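Subject: Structure for you to look through

Dear colleague,

I am handing over the structure we talked about, and below it you will find my notes on what turned up in it. Please read them with the model open beside you.

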Amino acid sequence: MNSRWLVLLLLPFLAHALVVSTVVWQEDPVTLGWLDHAVLGLTFAWLGILAVILRRGKSPAKLLLASWSVLLAVLACEGAVRLLYPEPPPGLPWPPIAISAPAADTMKGVSGRIDFTVNSFGVRGPEVDLDDMDLRILCVGGSTTQCRYVTDAASWPWKLQDELAPRLGRRVFVGNAGKPGHMTAEHDRLLQDYALAPRFDWVIALCGINDANVSVAGNHDRRLTHPELDIVTPPHVAAPWYAYYRGLGIVRLLRALERRIRSDSLVQDDAGEWYRDARRQRRDALARQTLTAPPDNLPDMLDDYRQDLRNLIATCRRLELKLVLLTQPTRFEADLPPEVAETFIVQHHEGAYTPDAYAKIMRAFNETLLEVAEDEGVPAIDLANMLPKDGTVFYDECHFNISGCAQVAAILVEFFEEREGQPAAGVSRPRGGGEVREEPAE
């Protein structure tokens with residue numbers, strides 16, 4: 001057999017193996033997705049065919065021709081995709097998409113059709129020209145910011161935009177970059193990686209619930225160093241396990257086509273039916289172990305949260321973005337009626353906390369946010385003490401229904417009307433009775 005043929009045959013495989021093994025060496029443990037399994041399966045299948053050919057003493061010429069033909073075809077397709085379907089700006093929070101579905105009956109205070117629209121620059125909101133806007137506000141947070149199951153115009157960021165513009169007499173855009181499950185450190189990463197972030201004037205950060213969830217689960221440090229790969233968009237930072245083929249334009253196109261076929265690939269399902277199963281899982285977790293007191297290492301968790309908040313503030317200052325922090329409202333409290341507690345979904349592997357215990361955890365996280373805001377001279381709105389803990393705000397333990405979004409938007413409208421309409425300093429109290437801590441006037 002001609003050794004040169006064998007070298008030409010093995011060259012692509014050896015290059016692939018070298019690059020992938022270098023990445024795998026850095027990751028412990030290696031997290032494989034469907035794409036990794038597919039590439040691994042094809043590689044072993046190709047090696048198997050080669051082994052059979054060599055064992056039978058036959059010429060690998062046909063395999064060589066087929067392999068290089070496929071490789072060249074893939075390269076040609078990749079070039080065409082990159083030309084016709086260019087990569088979006090770096091760090092888009094979401095891929096552009098518009099989907100609609102009728103709301104399920106699993107969420108009190110949410111009804112009608114749920115429209116979920118992400119514009120061309122990757123945030124939930126209408127299409128606008130940022131240069132034409134007089135005031136640009138970017139919202140970061142988790143699912144309580146994203147408001148996945150509240151239709152576009154009723155979600156609190158969108159409603160803030162629509163109500164603030166006539167109050168100020170200016171063109172206002174509020175972009176919603178909320179991502180379910182993200183904690184404060186990931187909001188910080190999003191701002192650092194999102195190429196359009198510096199074009200905004202303000203950042204609203206609703207923090208706390210995911211920081212508490214991640215910390216209670218013991219995953220804070222791992223999330224900092226090994227951010228989970230997003231199933232829809234590339235990770236905000238270059239994770240150790242980021243094989244070269246994940247960044248191919250062909251893969252990006254296939255995922256875009258998948259989203260059009262299966263619109264539920266964004267989060268759970270479009271209607272919110274998944275809540276039935278999530279609530280059952282919490283009941284099962286409570287049956288395994290009912291946790292009645294905050295964890296002993298709560299002070300350490302708060303230290304991590306404190307540092308993450310300071311990092312977020314530092315990033316906003318570096319990007320010359322004005323920041324307002326919001327405490328996380330929840331419905332956690334002692335002596336909740338069973339029919340209310342049964343709407344909750346938060347749970348952990350070893351069990352689940354009672355509403356009273358989680359109320360104490362969230363109170364500690366919210367107080368930490370207010371302390372950091374005061375130390376750093378950053379305005380903070382204490383939403384947690386401004387909103388009622390009832391069904392007029394929430395459909396579970398923390399997610400806002402339509403009425404809740406309207407109440408959040410009303411508080412923020414007053415804040416921005418005061419800040420953007422005329423200079424203000426000191427402490428003010430918007431309707432609702434809670435406190436807004438302002439940065440000192442210069």
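A residue is called buried when its relative accessible area is under 20%, and exposed when that area is over 50%. With that cut-off in mind, Cys-405, at 0% relative accessibility, counts as buried, and Cys-398 counts as buried too because its relative accessibility is 5%. Please keep in mind throughout that this is a predicted model.

To begin with the chain as a whole, the secondary structure of the protein chain comes to 14 helices and 11 strands. Buried residues make up 49% of its 442 residues. Among the contacts between residues at least 6 apart in sequence, 78% join residues that are at least 24 apart.

Staying with the cysteines for a moment, how many disulfides does the count come to? The count comes to zero. A pair of cysteine sulfur atoms would have to lie within 2.5 Å to be called a disulfide, and the sulfur of Cys-405 is 3.7 Å from the closest cysteine sulfur, that of Cys-147, which is too far for a bond.

Next come the nonpolar cores. The largest of them has 54 residues, and within it Leu-138, Leu-191, Tyr-194 and Leu-325 touch the most other members. At least two residues of this core are supplied by each of β3, α6 (184-193), β5 (202-206), α7 (209-216), α11 (298-318), β7 (322-326) and α13, and α13 gives the most, with 11 residues. A second, separate core of 41 residues includes Val-110, Cys-147, Ala-154 and Phe-416.

Leu-321 is also worth a look, since that residue lies in the loop between α11 and β7 and, at 6% relative accessibility, counts as buried. Although Leu-321 and Leu-191 are 130 residues apart along the chain, their C-alpha atoms are separated by 9.9 Å. Apart from neighbours within four places in sequence, Leu-321 is in contact with Ala-197, Pro-198, Phe-200, Asp-201, Val-203 and Cys-316.

Among the strands, β4 (residues 172-176) is mostly covered, with five of its five residues buried. Both of its faces are covered: Val-172, Val-174 and Asn-176 are buried on one side, and Phe-173 and Gly-175 are buried on the other. Strand β3 (residues 135-141) runs parallel to β4 and is joined to it by five bridges, and Arg-136 stands opposite Phe-173 in β4.

Strand β2 (residues 113-118) has side chains that alternate along it, so please look at both of its faces in turn.

Just after α7, Gly-218 takes a positive phi of about 75°.

Helix α10 (residues 275-288) has 14 residues and reaches 20 Å from its first C-alpha to its last, close to the 20 Å expected at 1.5 Å a residue. The buried residues of α10 are Tyr-275, Ala-278, Arg-279, Arg-282 and Ala-285. Because they cover an arc of only 115° around the axis, they are on the same side of α10. On the other side of α10, Ala-287 and Arg-288 are exposed. The buried residues of α10 pack against α12 (338-341), β8 (352-353) and α13 (355-376).

With best wishes

Conventions: Residues are numbered from 1 along each chain as its sequence is written. This is a predicted model: local features need pLDDT of at least 70, side-chain atom pairs count only at pLDDT 80 or more; totals for chains, interfaces and linings use all residues. Side-chain values use heavy atoms; hydrogens and water are left out. Buried means under 20% relative accessible area, exposed over 50%, partly exposed in between (1.4 Å probe, protein chains only). Helices (H or I, at least four residues) and strands (E, at least two) are DSSP runs, numbered from the N terminus. Two strands pair if DSSP finds at least two bridges between them. The expected span of a helix is 1.5 Å times one less than its number of residues. The arc is that of the directions from the helix axis to the C-beta atoms. Contact means heavy atoms within 4.5 Å. A nonpolar core is a set of buried Ala, Val, Leu, Ile, Met, Phe, Trp, Tyr and Cys residues joined through side-chain atoms within 4.5 Å.
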